[in-house]
Amino acid sequence: MNRFGLLTVAVAAVAAIVLPFLLKPFGIYLISMWVVLTIAAIGLNLTLGYAGQVSMAQGAFVGIGAYAVALLTAAGWPFFPAFVIAGLLCFAIGWLLGYPALRVQHHYLAFVTLAFNTLVFLVLRNEEWLTNGTYGIAGTERPHLFGLSTDGARAFYFFCLGMLVLLAAATWWMLRSPWGRAFVALRENPIRALSLGLDTRRYTLMAFALGSTLGGLAGGLYAPLVQFIEPNSFSLNMSFNLLLMVIVGGSGRFFGPFVGALIAVLLPEWMRIAEGYYLIIYAMLVMILMVFCPTGVLGLVEKLFKPKKPPAAAAAPTLKAEATSR
Amino acid sequence: MLRTGFLVSLVAAGISLASTAHAQQKTVYMPAILELSGPGAVSGTNFRDGMLMAIDEINKAGGILGHKIETPVLDTQSDAGTSRAQLQKVLDNKPYVVFGPVYSGSVLVDMLMTQKAEIPEIVGGEAAAITQKNNPYVFRTSFGQQFSMPKIANYIRDSIKAKSVALIWVNNDFGKGGRDNFTKEMKDRGIKVVADISTESGQADFSADVVKIKGANADAVFVYLNEEESARFLKEAKKQGIKAPLIGETTLLGQKVIDLAGGAADGVQGHVGLTVDAPIKAVQDFAAKFKARYNYVCDHNGIKGYTAVYFAKYVTEKVGKFDSKAFAAKAHGLTITPKEEPGILMEAMWDKNGDIDRESFLGEVVNGKQKIVKILPMLSKK
């Protein structure tokens, strides 16, 4: 990361700490939602952006995580064990969902994951004995941390922000480890990766499992944030929205989900000044953004600020160079 | 130069006067959270239009206790999570009363927050659970399913004289709540439910469902779907020639469904909690005003929105000040007659849970119009 990037991250970090003291509860709720959805989008970015496995099921994992935490805490479990169980459950289901990816790719894989999302939605809605069906689950309690309640809007925001920092740091570390390079290799040229001795089967399953785990953990925070969950919240719309965040922010770029989630959460709110037209304007802005910067906002920023290299230096980047520059 | 200076002074004086007048205009903040997009848009926009009409009338007549009503309308996108966020936004500005939402799922999440903030919420939701949670701040504008389903069950037993019934319902919080209450009422009356068919919100093709219903050979078919799905079902039922009477509860006999279904709605019968075709002059005058203003026929949600505002006005004037807690306390057990408050349209009573009681109707669709055949008395006056 260059000096400009570091400065931007530092300013964003200060803003993330100072903003809740300047905002009313609604503003704090919105930035809390941004934090939660960023975690889910980081997971999808791992699966899609880095490992190149198309997944339209991230919303389902957010749902599984949310229901796991809501049901377990309602049954008397403390938050943290429930939160860990939500992550582990999504890891296991994500691993299983990875198996079809060993056989099919691209839009075929997209349809497999899309069908999985619908399946999860139907289970959440129809298995009323477990999930309370269409009536949903209200009043998931917010956790206590070191004896302190996070019931207030600001306290819960900082709790979510802490989780985001931890999970983002873990993802950052992983992407710079051989695992991260293996994921990129999987995306760029799986046959060459296999010929170099990489266990592509294991890394494909791992890409799904880790991405899904982050989705589940985001769901574990979503339930106590909104304090009401119902199957419709985790239908295909949620998955499409998360996909939008990853693509708009910049797929395969570490900070892409942060920017994408910011746009997807805040832009429709800002557009509300247009009253009845706000969703139309929002949709048009997203279309314009995709037409003019298909590599997402961060791709555009890179294009604008990166110094132009002379032709000789424009040789194809090595796998390692690409993995570390993102 | 002199003329320009004079003009500038005049404009400045005008602006100053206007802003003084604006500053002197007292307002009361009563926001609305409604379904303006997504599958609930038909219900939400009807509620909004009825509500805004009442607000304009009241504001033109001087407002409530000399305060004009200020009602921004925020869209829930028919999603409970978005509804919760929008409610948080309005709670930050300390509202006196909140109107909406109409979708029961959104009501169930919002009412927890308004209860915590001690702000009355006047909702359009009909799920039974809304008023079964001991929340003293939630008030209905129409029957809950626990009151409407016994009425429709009696109708099926006494007027249709059915021994078996096929049930088709939409699998969302509205439909599932209705289905659960309906099957319980059928069981209590010894009427057999021979087909229990769940459908999807937004479903376009009902041919397979109608085949199943025909195969069930029931004495009557009870249809509990949202507006657009009701119309699609009726078209398919007509196409496949279902002979058993099609029975509905309010929505199926609504003008929106009748318009969308074309001639396929003719012959539909059932219970109507609220309707602009009620043989009551105040309701018909309201319907005419609504049609003249918005150029479409209002459904029951429009009446909910309109009466919600007059309910808030009446209770506030009884309390004599803008006190949200006193509002909630006063409104329980209150009866409002059209003589006391013409905008309430029909005599209505709110019980200790916030449930509403008023007259309702039995109707049928004849030549593309809803026809009321019987008025059912208020439950408390039986």
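Predicted model: local features only at pLDDT ≥ 70, side-chain atom pairs only at ≥ 80, totals over all residues.
View 1. His106(A) sits in helix H5 (residues 106-126) of chain A. Its phi is positive, about 55°, even though the residue is not a glycine.

**View 2. Asn217(B), in the loop between H7 and S10 of chain B.** Here too we're looking at a positive phi in a residue other than glycine, this one near 55°. Helix H7 covers 207-216. Asn217(B) is exposed, with 12 other C-beta atoms within 10 Å.

**View 3. A cis peptide bond in chain B, from Gly100(B) to Pro101(B).** Omega is near -5° for this bond. Pro101(B) belongs to the loop that links strand S5 (98-99) with helix H4 (104-117) of chain B.

**View 4. H2 against H10 in chain A.** The axes of helix H2 (residues 25-50) and helix H10 (residues 200-226) come within 7 Å and cross at roughly 170°. H2(A) and H10(A) are therefore roughly antiparallel to each other. Sort their contact by class and you get 17 nonpolar, 7 polar and no charged residues.

**View 5. The open, mixed sheet of chain B.** Its 7 strands run in the order S9-S8-S10-S11-S12-S16-S17. S9 (192-199) and S17 (369-376) are the edge strands, each with a single partner, so one side of each has no neighbour in the sheet. From one strand to the next, the twist averages 25°.

**View 6. Around S8 of chain B.** S8 (residues 164-170) pairs with S10 (residues 220-224) in the parallel sense over 5 bridges, and Trp169(B) stands opposite Tyr224(B) in S10(B). Helix H6 (residues 173-188) lies across S8, S9, S10 and S11 (246-249), running at about 165° to S8(B).

Terms used. Residues numbered from 1 in each chain as written. Chains lettered and ligands numbered in written order. Axes fitted to C-alpha atoms, helices over the stretch in contact; angles between N-to-C directions. Helix = DSSP H or I, 4+ residues; strand = E, 2+ residues; numbered from the N terminus. Parallel < 35°, antiparallel > 145°, perpendicular 65-115°, else oblique. Nonpolar A, V, L, I, M, F, W, Y, C, P; charged D, E, K, R; others polar. Pairing = 2+ DSSP bridges. Contact = placed C-beta atoms within 7 Å. Buried ≥ 20, exposed ≤ 12 C-beta atoms within 10 Å, placed from the backbone.
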